[in-house]
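User: I am new to reading protein models and would like to go through this one by asking about it step by step.

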Amino acid sequence: MHQLPLAARPPAPRSHSSQRRAACHCSLKQAPASLTVAARQCVAAPFLAATLLLGAAASPGIPAATPPAFAQSQGAALFQKACIGCHDTGGNILQPGATLSMKDLERNGVATEEEIYNITYYGKGRMPGYGEKCTPRGQCTFGPRLPEEDIKMLAAFVKSQAENGWPKIDGDVE
C-alpha cells in the first residue's frame, strides 16, 4: 500500500483524557487556536470559576451582592456628605446625650439598623428626616433628600461604626 507523507497524514487518534490533560496544563496564551471544544472548555474553566466567585456573572434580574468593603466606603462617603456636620466621629454637637455610640443608641432605643433607618428617614426631635417621603414638613430637612437605598447604606454604616467604637474614617478631623 502507498503511504502518505508524514505531514499529510491525519493525526493519530488520542484518548479524550490525554487531550483534556494536555489542554489543562497550558495557559490561554499557549493554547493553540486548533484546540478541540473540550480542550477549550478545560482551559476556560478556571476563568469561569473566578468570574462566578467574584459575582460578575449574576443572573439577569438578580443583582450581585455588594461587597462589604464597598458598602462601607459608600456608607462613609454618604455619612461625610449628609451627617458629619452634626455627628463628626459619631458624636452629636446639638444633643450630647444622643451620640451615635452604641451605649447612647441602646439607651435611646435606636440600637438596630431598622431603628437607625427610621430616624434617618423620618427624623426625631432635633434630628431632621432625610427620606424622600418624610412628613410632616417641619420635621424633615429643607436640604436635599436621600434615596431609600442611601439611607439603608447609612444605617448599616452607622450601626457598624457604633459596634466598632467609631474607628476613624477618611476625612475625620483630628
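Predicted model: local features only at pLDDT ≥ 70, side-chain atom pairs only at ≥ 80, totals over all residues.

User: At what angle do helix α6 and helix α7 pack?
Analyst: Helix α6 covers residues 113-122 and helix α7 covers residues 148-163, with their axes 9 Å apart. The crossing in which α6 passes α7 is right-handed. The angle at which the two helices pack is about 130°.

User: Which residues of α7 are met by residues of α6, and how many residues of each class has the contact?
Analyst: From α6, the residues Glu113, Ile116, Tyr117, Thr120 and Tyr121 take part, and they meet Glu148, Ile151, Lys152, Leu154, Ala155, Ala156, Val158 and Lys159 in α7. Sorted by class, this contact of α6 with α7 comprises eight nonpolar, one polar and four charged residues.

User: In what order do the elements of the protein chain run?
Analyst: The protein chain contains seven helices and two strands. Read from the N terminus on, these elements follow the order α-α-α-α-α-α-β-β-α.

User: Is aspartate 104 buried or exposed?
Analyst: Aspartate 104 belongs to helix α5, which spans residues 102-107. Leaving out residues up to four places away in sequence, aspartate 104 touches Pro96, Gly97, Ala98 and Thr99. Since a residue under 20% relative accessible area counts as buried, and aspartate 104 has 8% relative accessibility, aspartate 104 is buried.

User: Where is proline 136, and what is the omega of the cis peptide bond that joins it to threonine 135?
Analyst: Proline 136 has its place in the loop between β2, residues 127-128, and α7. The peptide bond joining threonine 135 and proline 136 is cis, with an omega of about -5°.

User: What is the phi of threonine 89, a residue that is not a glycine?
Analyst: Threonine 89 sits in the loop between α4, residues 84-87, and α5. With a relative accessible area of 44%, threonine 89 is partly exposed. Although threonine 89 is not a glycine, its phi is positive, at about 50°.

User: Is tryptophan 166 buried or exposed?
Analyst: Tryptophan 166 is found in the segment after α7. Its phi is a positive value near 55°, in a residue other than glycine. The relative accessibility of tryptophan 166 is 13%, so tryptophan 166 counts as buried.

User: What percentage of the residues of the protein chain count as buried?
Analyst: The accessible surface of the protein chain comes to about 12,200 Å², and 61% of that surface belongs to carbon and sulfur atoms. Of the 174 residues in the protein chain, the share that counts as buried is 26%.

How values were computed
Residues numbered from 1 in each chain as written. Heavy atoms only, no water. Helix = DSSP H or I, 4+ residues; strand = E, 2+ residues; numbered from the N terminus. Buried < 20%, exposed > 50% of the residue type's maximum accessible area, 1.4 Å probe, protein only. Areas by Shrake-Rupley, 256 points an atom, 1.4 Å probe, with all protein chains shown as cover. Axes fitted to C-alpha atoms, helices over the stretch in contact; angles between N-to-C directions. Left-handed = near helix turned anticlockwise from the far one by under 90°. Contact = heavy atoms within 4.5 Å. Nonpolar A, V, L, I, M, F, W, Y, C, P; charged D, E, K, R; others polar.
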